[in-house]
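Here are my notes for you, written as numbered points. Keep the model open while you read and click along.

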Amino acid sequence: MKIQIINGPNLNLLGLREKDVYGDISFETYFDKLKTDFPKIDLYYFQSNIEGEIINKIQEIGFDFDGIVLNAAAYTHTSVGIADAVRSIKTPLIEVHISNTISREDYRHISYIAPHAKGIIMGFGLKSYNLAISSFINK
Ligand code: DQA
């Protein structure tokens, strides 16, 4: 089973950025833990601060991977382009957020991706990614 994690803008700063909201672990460190948690899954990780690169990655793997875990970060709340990419592919996609965006500012309550996602997991810290991957295997 092949699962791609895609992280959007500023998530390269996890562990440094707003630690009270996002925690003090880098995603690279957490990704090593995920690979240990799911030894039988081929896990891939991609991060970009650039909207078009995220769209390219969704298109590239969106027809033959088994699952996508997408944290589009701030683009969640703004990007018609990423939403259109998500609605164009065949691979099921789970939208993930580290924080509970509904408990935060109003502009974070909107998700352009949510209508096209299989499901949404938010508010569990980095464990949100673990829960999303689990959802693909524990059917
Ligand atoms: C986030 C929530 C977004 O509102 C924010 O712009 C992020 C991270 C999260 O994982 O909680 O960068 O997607």
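1. Let's start with a term. A salt bridge here is a side-chain nitrogen of Lys or Arg within 4 Å of a carboxyl oxygen of Asp or Glu. With that in hand, look at Arg-108: its salt bridge goes to Glu-105, and the closest N and O atoms are 2.7 Å apart. Arg-104 also meets Glu-105 in a salt bridge, at 4.0 Å from N to O.

2. Before going on, some housekeeping. This is a predicted model, in which local features need pLDDT of at least 70 and side-chain atom pairs count only at pLDDT 80 or more, while totals for chains, interfaces and linings use all residues. Residues are numbered from 1 along each chain as its sequence is written, and side-chain values use heavy atoms, with hydrogens and water left out.

3. Arg-104 is buried because its relative accessible area is 19%, and Arg-108 is buried at 17%. Glu-105, at 34%, is partly exposed.

4. How many salt bridges does the structure hold? There are 6. One of them joins the side chains of Glu-18 and Arg-17, at 3.6 Å from N to O. Arg-17 has 17% relative accessibility, so Arg-17 counts as buried, whereas Glu-18, at 40%, is partly exposed.

5. Stay with Glu-18 for its backbone. Most residues other than glycine have a negative phi. Glu-18 has a positive phi, near 35°, and Asn-10 has a positive one too, about 75°, although Asn-10 is not a glycine. Helices (H or I, at least four residues) and strands (E, at least two) are DSSP runs, numbered from the N terminus. In those terms, Asn-10 sits in the loop between strand 1 and helix 1 (19-22), and Glu-18 is found in the loop between strand 1 and helix 1. Asn-10 is partly exposed, with a relative accessible area of 36%.

6. Now for strand 1 (2-7). Of its 6 residues, 5 are buried, so strand 1 is largely enclosed by the rest of the structure. Two strands pair if DSSP finds at least two bridges between them. Strand 1 pairs with strand 2 in the parallel sense over 6 bridges, with Asn-7 standing opposite Gln-47 in strand 2. Strand 1 also pairs with strand 3, again in the parallel sense, over 5 bridges; here Ile-3 has Gly-67 of strand 3 as its bridge partner.

7. Which residues have the most contacts inside the largest nonpolar core? They are Ile-5, Phe-27, Leu-34, Val-69, Tyr-129 and Ile-133, in a core of 23 residues. (A nonpolar core is a set of buried Ala, Val, Leu, Ile, Met, Phe, Trp, Tyr and Cys residues joined through side-chain atoms within 4.5 Å.) Strand 1, helix 2 (27-37), strand 4 (93-97) and helix 5 (127-137) are the elements that give two or more residues to this core. Apart from it lies another core, of 17 residues, among them Ile-6, Ile-54, Ile-55 and Phe-65.

8. Contact means heavy atoms within 4.5 Å. Leaving out residues up to four places away in sequence, Ile-5 touches several residues, including Phe-31, Tyr-44, Phe-46 and Val-69.

9. Which residues of helix 3 are buried? Ile-54, Ile-55, Lys-57, Ile-58 and Ile-61. They cover an arc of only 160° around the axis, so they lie on the same side of helix 3; the arc is that of the directions from the helix axis to the C-beta atoms. Their cover includes strand 1, strand 2, strand 3 (67-71) and helix 4 (80-88).

10. Last stop: Ser-48, in the loop between strand 2 (42-47) and helix 3 (51-61). Ser-48 counts as buried because its relative accessibility is 2%. A polar contact is a pair of N or O atoms within 3.5 Å; within protein, one must be able to donate a hydrogen and the other to accept it, and residues adjacent in sequence count only if both atoms are side-chain atoms. The side chain of Ser-48 makes one with the side chain of Glu-53, at 2.7 Å. A polar atom of the Ser-48 side chain also lies 2.9 Å from the backbone nitrogen of Ile-50.

How values were computed: Buried means under 20% relative accessible area, exposed over 50%, partly exposed in between (1.4 Å probe, protein chains only).
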